[in-house]
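User: Please take a close look at one packing contact in this structure. Then go through the other local features that can be described residue by residue.

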Amino acid sequence: FFPIHEQEEVEQNQATTWEGYVNWRNKPALRGRHGGMLAASFVLVVEILESLSFVANASNLVLYMIKFMHMSPSKSANNVTNFIGTAFLLALLGGFCSDAFLTTYQTFLISSVFELLGLILLTVQARVGSLRPAACEAGSPCHEVSGGKAAMLFGGLYLVALGIGGIKGSLPPHGAEQFDESTPSGRKQRSTFFNYFVFCLSFGGLLACTFVVWLADNKGWEWGFGIPTLSIFVSIPVFLAGSSTYRNKIPSGSPLATFFKVLVAATLNGCFSRNSGSAVVSTTSSPRNENKESEALTNTLKFLNRAVERNPKYSSMECTVEQVEDVKIVLKALPIFFCTIMLNCCLAQLNTFSVEQAATMNTRLGSLKVPPASLSVFPVVFIMILAPIYDLVIAPFARKLTKTEMGITHLQRIGFGLVLSIFSMAVAAVVEVKRKRVAINSGLVDDGTKPLPISFIWIALQYLFLGSADLFTFAGLLEFFFTETSIRMRSLATSLSFASLAVGYYLSSAIVSIVNSVTGDISHRPWLSGANLNHYHLDRFYWLLCVLSVLNFLHYLFWAFRYKYRGIGTTKQ
């Protein structure tokens, strides 16, 4: 009687609680009370505020460094790409902490405090003139920021980067884990969440590129940094307001430790010529996937099967089938990650050279003078229009057409974005040729101060193409990593989407430096160097990125055609 009664009680508890999840008080999360679209809606509102803060800094920072910190255009561009790259790369740290030690809830709150402190430093420096280099005067050289003032600038920037990284590594998975992936409706809601997450990211960017950038250009840079500071400050109580609705995944230990343990165990057991066929399945106390992952070793990446041994030589290297299969999933997804880096290298140009191009052109729309950094409004508006159309029209139509739960697969979305990035760089090269021709015909090549008689709307074309590419690739990549990887390493895997952005921005800086070094040696005149953008060979640089993007897409096709999904939502309905 008693064992049966206890079994019924366990089954009843499993039916009313979310296995592997807790609420904000660290008690079992309850079905019907925790999780769902209401909980995720708080995350979407917070993303608007967080995006406003980040984009406001990133979009206009290059001009701030040129005008007030007296850096050259190329050095300013490299500093901005390094800052953005570091922020996105630190998303891996945020994702790691969310999987290993903290919940996504705790990681977000800690990271928000870091970003807030960094923004306060930048706001104070922008407000107090004595904390910046002296203004340039006619007939005297400009002095670039240095010493303690440079330390304050970069200290503030990289505190912000640390906070942004933690938020990017915890906020998307926190929202996505609110849905029940064991049901088709839960998986569709999760897909909708990722679409609207990108929508909210874009909406925050829209506010940043219009309202905040205008304030920075017309009312002073203390406003340009002050509004993002206020935005992050407000995001904390908004996030806390949803505490009673969240379900938080229980941390299950370091995913990196598991990753390297499996690799080392497979190598050692291979060296000792153990027979992997004697594998046994052991269970762990880690949170289980709601879909109950298979306990059988698969035939892909067979060399890793050696990590599972009946009597391993080193007991500390004992691995479960579950751990081996987790590592296999990550290794199979990594080539897709590497193939998205080139697209993000192209995206880096929107915050650097594209802004500098627009600054040399006529930025008036009628009687309104538009700040060059507000060009980012074009891709974000297009994304905001396209995201709901995709979710309400394109995706349902594709599901009916293909008779699958997803309709359009993640890899198809990513591939379409890569194609759009190729067209964007070709358009950017053609527009730069036109801009240079206008400068030559107007006799303004050597005068970098007067605006060229050509509208900055021409630059908007490359923004539209890259904005569309970003929607398809980024949303697809977020959902791809979250759904394909194990529940035990989802935050870290999802943060790879932002790490791709980081590596793309670093790659942009590296390509600029390499191009300048090579062209400087060959022609004694680097393509991308000097204070006057009219002397740059920016069109050739864009053509180079276009060719590299084509080669990258061919590389992507090689891996995409060979990738096999885990099967959730890809089968015929």
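**A helix contact and its surroundings**

Analyst: Helix 2 crosses helix 5 in the left-handed sense (the near helix is turned anticlockwise from the far one by less than a right angle; clockwise would be right-handed). The model is predicted, so local features need pLDDT of at least 70 and side-chain atom pairs need pLDDT 80 or more, while totals for chains, interfaces and linings use all residues. Numbering starts from 1 along each chain as its sequence is written, and side-chain values use heavy atoms, without hydrogens or water. Helices (H or I, at least four residues) and strands (E, at least two) are DSSP runs, numbered from the N terminus.

Helix 2 covers residues 37–67 and helix 5 covers residues 104–127; their axes are 13 Å apart and form an angle of about 35°. The axes are lines fitted to C-alpha atoms over the stretch in contact, with angles from 0 to 180 degrees between N-to-C directions. On the helix 2 side, the residues that meet helix 5 are Val46, Ser53, Asn57 and Tyr64. Helix 5 answers with Phe108, Glu115, Leu119 and Ala126. Contact here means heavy atoms within 4.5 Å. By class, five of the residues in this contact are nonpolar, two are polar and one is charged (nonpolar: Ala, Val, Leu, Ile, Met, Phe, Trp, Tyr, Cys and Pro; charged: Asp, Glu, Lys and Arg; polar: the others, Gly among them).

Phe108 also belongs to an aromatic cluster, in which ring pairs link it with Phe42, Tyr105, Phe239 and Tyr246. Rings of Phe, Tyr and Trp (its six-membered ring) pair if their centres lie within 6.5 Å; planes under 30 degrees apart are stacked, over 60 edge-to-face, and the rest tilted. The whole structure holds 25 aromatic pairs. One of them joins Phe541 and Tyr542, with ring centres 6.2 Å apart and planes at 45°, so this pair is tilted. Phe541 and Tyr542 are both buried (under 20% relative accessible area; exposed is over 50%, partly exposed in between, with a 1.4 Å probe and protein chains only).

An open sheet of three strands runs in the order 2-1-3, with antiparallel pairing (two strands pair if DSSP finds at least two bridges between them). Strand 2 and strand 3 are the edges, each with a single partner strand, so one side of each has no neighbour in the sheet. Strand 1 spans residues 17–22, and five of its six residues are buried. Strand 1 is joined to strand 2 (residues 28–30) by two bridges, antiparallel, and Val22 has Pro28 as its bridge partner in strand 2. Two antiparallel bridges also connect strand 1 to strand 3 (residues 248–249), where Val22 stands opposite Asn248.

Five residues separate the strands in the hairpin of strand 1 and strand 2. Asn26 lies in this loop between strand 1 and strand 2. Its phi is positive, about 70°, although Asn26 is not a glycine. Asn26 has 61% relative accessibility and therefore counts as exposed. Another non-glycine with a positive phi, about 55°, is Lys403, which sits in the loop between helix 13 (377–402) and helix 14 (410–441).

Ala265 is part of helix 9 (residues 255–271) and is buried, with a relative accessible area of 1%. Ala265 and Arg306 are 41 residues apart in sequence, yet their C-alpha atoms are 7.4 Å apart.

Lys328 belongs to helix 10 (residues 321–339). With 1% relative accessibility, Lys328 counts as buried. Beyond its neighbours within four places in sequence, Lys328 is in contact with Thr298, Thr300, Leu301, Leu304 and Asn305.

Ser495 is found in the loop between helix 16 (490–494) and helix 17 (496–523). Ser495 is buried too, with a relative accessible area of 1%. Not counting residues up to four places away in sequence, Ser495 touches Ala91, Leu92, Gly95 and Gly169.
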